[in-house]
Amino acid sequence: MAYNRRGSDQQPPPRRSLLRTQTVGNLGETMMDSEVVPSSLVDIASILRVANEVEPSNPRVAYLCRFYAFEKAHNLDPTSSGRGVRQFKTALLQRLEREDKTTLVGRKNSDAREMQSFYQHYYAKYIKALQNAADKADRTRLTKAYQTAAVLFDVLKAVNLTESVDMADEIIEAHNKVAEKAEIYVPYNILPLDSESTNQAIMRYTEIEAAVKALRNTRGLPWSKDRKKKVDEDILDWLQAMFGFQKDNVSNQREHLILLLANVHIRQLPKPEQQTMLDDRALTEVMKKLFKNYKGWCKYLGRKSSLWLPSIQQDVQQRKLLYIGLYLLIWGEAANLRFMPECLCYIYHHKDQKTSQFFS
């Protein structure tokens, strides 16, 4: 395969025939160890993290991970036109050239067999061991293990494709189990809100339980017929389905809202009779603080507020949570608009036509 580093058509080299790189200084080590990748290549950061993680136990697998990252970087930006991409790819290539020969010394089988053996070893030593642990409390390690296994499987697929090797059935079965659990064990900031998080200490606080329970009241909300039903759907899931908010924004604002409600709920005096039910006083206080600026904007412009509460008392709490959730999700996606309160109020005031009837 032709490869021209200095031209604009930078091509990924064959895995066993890397050309010599003319660079000044040892950039590869610093850049790969710090995992500082250009913004246009952010998707390969997780691959490089896995390479650094597995390098002490199997340098050849680490090399294959970095080679896979190089190929993916080339596919993302084949002309190296992004800021810092050419320097990054050149530094990574420099490291691959050095490691190709040194890692071959300790390799016992072909690259495909090496990857297959290591994947099975990793699955047995880390994932199965953590799953079978008595307490199952270390969610951080288990989440990280699922993410690492997912990357290793992608690298294994690429190597098998290069060497025309079929995937073993037991590996496919293991990967399917990892993929299933990876959808549940997702990264989080403070609150693990997945279906298997009920045993976590923080989720057993009554104020957290009350906020989560209130947010999961989706009774009467008009879902689309072709949607894919999720476990423990809540009001923010409905808002995402209606307006198309980004997944990570929804996750962040869900946690944000639950903590806001829980913090106010726990300070209410006198204490509510039902601790596991969200106190209406807490919800009203949070809503009042969030919409203070919006109501001031409406008053200044002589506009009628879009906030409207139903006459049926049992639906009032859900409607308040819908308003708060929608406002936080818009705020979360507004980027620099969050520094322009009038624009944020305008965007909120003119909600999408798809749900205008529901909110009116």
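Lys72 touches Asp43, Ile44 and Ile47, not counting residues up to four places away in sequence, where contact means heavy atoms within 4.5 Å. The structure is a predicted model, in which local features need pLDDT of at least 70, side-chain atom pairs count only at pLDDT 80 or more, and totals for chains, interfaces and linings use all residues. Residues are numbered from 1 along each chain as its sequence is written, and side-chain values use heavy atoms, with hydrogens and water left out.

- Lys72 belongs to helix 3; helices (H or I, at least four residues) and strands (E, at least two) are DSSP runs, numbered from the N terminus.
- Lys72 counts as partly exposed because its relative accessibility is 30%; buried means under 20% relative accessible area, exposed over 50%, and partly exposed in between, with a 1.4 Å probe and protein chains only.
- Lys72 and Ile44 are 28 residues apart along the chain, and their C-alpha atoms are separated by 7.1 Å.

**Overall make-up**
- The chain has 15 helices and zero strands.
- Of its 360 residues, 43% are buried.
- Among contacts with a separation of 6 or more, 65% are between residues 24 or more positions apart.

**Nonpolar cores**
- The largest nonpolar core has 48 residues, and those with the most contacts inside it are Ile44, Cys65, Met115, Tyr119, Leu152 and Val155; such a core is a set of buried Ala, Val, Leu, Ile, Met, Phe, Trp, Tyr and Cys residues joined through side-chain atoms within 4.5 Å.
- At least two residues of this core come from each of helix 2 (45–54), helix 3, helix 4 (85–104), helix 5 (111–131), helix 6 (139–163) and helix 7 (169–182).
- Another core, of 44 residues, lies apart from it and includes Leu221, Ile324, Leu328 and Ile330.
- Val155 is in contact with Leu64, Cys65, Tyr68 and Met115, leaving aside neighbours within four places in sequence.

**Helix 7**
- Helix 7 has 14 residues and reaches 20 Å from its first C-alpha to its last, close to the 20 Å expected at 1.5 Å a residue; the expected span is 1.5 Å times one less than the number of residues.
- Its buried residues are Ile171, Ala174, His175 and Val178.
- Seen down the axis of helix 7, these buried residues fall within an arc of 100°, so they line one face of the helix; the arc is that of the directions from the helix axis to the C-beta atoms.
- The buried residues of helix 7 pack against helix 5 and helix 6, whereas the face turned away from the buried side carries the exposed residues Asp169 and Glu180.

**Aromatic rings**
- The whole structure contains eleven aromatic pairs; rings of Phe, Tyr and Trp (its six-membered ring) pair if their centres lie within 6.5 Å, and planes under 30 degrees apart count as stacked, over 60 as edge-to-face and the rest as tilted.
- Tyr63 and Phe67 form a tilted pair, 6.3 Å centre to centre with 40° between the planes.
- Both Tyr63 and Phe67 are buried, and they lie four residues apart in helix 3 (residues 59–76), about one turn of the helix.
- Phe291, Tyr294, Trp297, Tyr327 and Tyr348 are linked into a cluster by ring pairs.

**Backbone geometry**
- Leu269 and Pro270 are joined by a cis peptide bond with omega about -5°, and Pro270 is in the loop between helix 10 (247–265) and helix 11 (280–290).
- Ser80, in the loop between helix 3 and helix 4, has a positive phi of about 55° although it is not a glycine.
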